[in-house]
Every structure is written in structure tokens, then in C-alpha cells.
Amino acid sequence: WEYEIGEDTKRFNPETDVMAISDKNTQFMRKDTANRFEWRIRNLPYPKDTYIIEVDHDKQQLVLKTTNKKYYKRIDIPDLKRVQLQIQDENVAWKYANATVIISYDKPAEVKQKEKEML
């Protein structure tokens, strides 16, 4: 399965599983709100000024990277591709708190309309 929103519900079961994923690894997940797409990257211990968020207009992706070259992630927005819209720099916002980078993108009206139709 490929999860666009949320995360895999499978958890470690000590009765049947032999190994578990370390809780120290970075964890990437998407959690949307009514007005924004939102991605959370947990377990990133570097100071806030280490992170750089950019828009790659050629590949239509958001890019999170660190100045110390310890983390690099490209983020697709399939919802925008479905309605054939381009990523706009002014709709991107981000913050850092509790070793978590939260990147958000304001949903365009076209995407909100498509979501209403799907519901």
C-alpha cells in the first residue's frame, strides 16, 4: 500500500515480531487539515536555522534539506497534480518545534472543490 495521508497502522507486537523500527529514526507523515496540506518530519534534532525548505519548480516538489547535509527529503503533492496546478512559493509555510519540522501548503480552491465532490 502507498499511504498519501496518515501512516501505516501496523505496530510492533512483541509476541509475534522479532524486530522493530527504531523510534530514533526520522518519521515522515502527511496529516492534512481542512485548509492546508501538512507534512510532519519527526526526530530531527538540529537547530531551526539548519533547515532549508525550497520549491523545485522543474519537478513540482517541495524539498527539505539541512545545511549540515544530514537530511534531505523531496515531497510530492499528488492532489495538485490531479487538478494540474503548479506549486506556488507563497503558499508554503513551515515551523520547527520539539524536534519536528512541520511543512504546510495552503490548499487551492480547486483542490477544496475536488474534495467536496469526492465526499
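The legends below describe several close-up views of a predicted model.

Because the model is predicted, local features need pLDDT of at least 70 and side-chain atom pairs count only at pLDDT 80 or more, whereas totals for chains, interfaces and linings use all residues. Residues are numbered from 1 along each chain as its sequence is written, and side-chain values use heavy atoms, with hydrogens and water left out.

**View 1. Overall arrangement of the protein.**
The protein contains two helices and seven strands, which follow one another along the sequence in the pattern β-β-β-β-β-α-β-β-α; helices (H or I, at least four residues) and strands (E, at least two) are DSSP runs, numbered from the N terminus. Of the 119 residues, 29% are buried, where buried means under 20% relative accessible area, exposed over 50%, and partly exposed in between (1.4 Å probe, protein chains only). The exposed surface comes to about 8500 Å², of which carbon and sulfur atoms supply 48%, with accessible areas taken from the Shrake-Rupley method with a 1.4 Å probe and only the protein chains shown counting as cover for residues. Among contacts (heavy atoms within 4.5 Å) between residues at least 6 apart in sequence, 49% join residues at least 24 apart.

**View 2. The open sheet of four strands.**
The strands of this sheet are ordered E1-E2-E7-E6, with antiparallel pairing, two strands being paired if DSSP finds at least two bridges between them. Strand E1 (27-30) and strand E6 (92-97) stand at the edges with a single partner strand each, so one side of each has no neighbour in the sheet. From one strand to the next the twist averages 15°; the axes behind such angles are lines fitted to C-alpha atoms, for helices over the stretch in contact, and the angles run from 0 to 180 degrees between N-to-C directions. E1 and strand E2 (residues 36-42) run antiparallel and are joined by four bridges, and Arg-30 stands opposite Trp-39 in E2. Strands of a sheet pair through backbone hydrogen bonds, either parallel or antiparallel.

The structure holds nine salt bridges, each defined as a side-chain nitrogen of Lys or Arg within 4 Å of a carboxyl oxygen of Asp or Glu. In one of these, the side chains of Arg-36 and Asp-106 meet at 2.7 Å, N to O; because Arg-36 lies in strand E2 and Asp-106 in strand E7 (residues 100-106), this pair ties together parts that are 70 residues apart in sequence. Arg-36 is partly exposed at 28% relative accessible area, and Asp-106 is partly exposed at 27%. A salt bridge also links Asp-56 with Arg-74, the closest N and O atoms being 3.0 Å apart; since Asp-56 belongs to strand E3 and Arg-74 to strand E5 (residues 72-76), the parts tied together here are 18 residues apart in sequence. Asp-56 counts as buried at 16% relative accessibility, while Arg-74 is partly exposed at 30%.

Arg-82 and Asp-79 form a salt bridge in which the closest N and O atoms are 3.5 Å apart, and both residues lie in helix H1 (residues 78-82), three residues apart, about one turn of the helix. Arg-82 is partly exposed, with 47% relative accessibility, whereas Asp-79 is buried at 12%. Salt bridges that share partners join Arg-30, Asp-32, Asp-79 and Arg-82 into one network.

**View 3. Surroundings of Gln-61.**
Gln-61 lies in strand E4 and is buried at 12% relative accessibility. Its side chain is joined to that of Asp-76 by a polar contact of 2.9 Å, a polar contact being a pair of N or O atoms within 3.5 Å, of which, within protein, one must be able to donate a hydrogen and the other to accept it, and residues adjacent in sequence count only if both atoms are side-chain atoms. Not counting residues up to four places away in sequence, Gln-61 touches Glu-54, Val-55, Asp-56, Arg-74, Ile-75, Asp-76 and Ile-87.

**View 4. Two loop residues with a positive phi.**
Most residues other than glycine have a negative phi. Asn-43, although not a glycine, has a positive phi of about 65°; Asn-43 is found in the loop between E2 and strand E3 (51-56) and is partly exposed at 28% relative accessibility. Gln-60, also not a glycine, has a positive phi of about 55°; Gln-60 lies in the loop between E3 and strand E4 (61-66) and is buried, with a relative accessible area of 12%.
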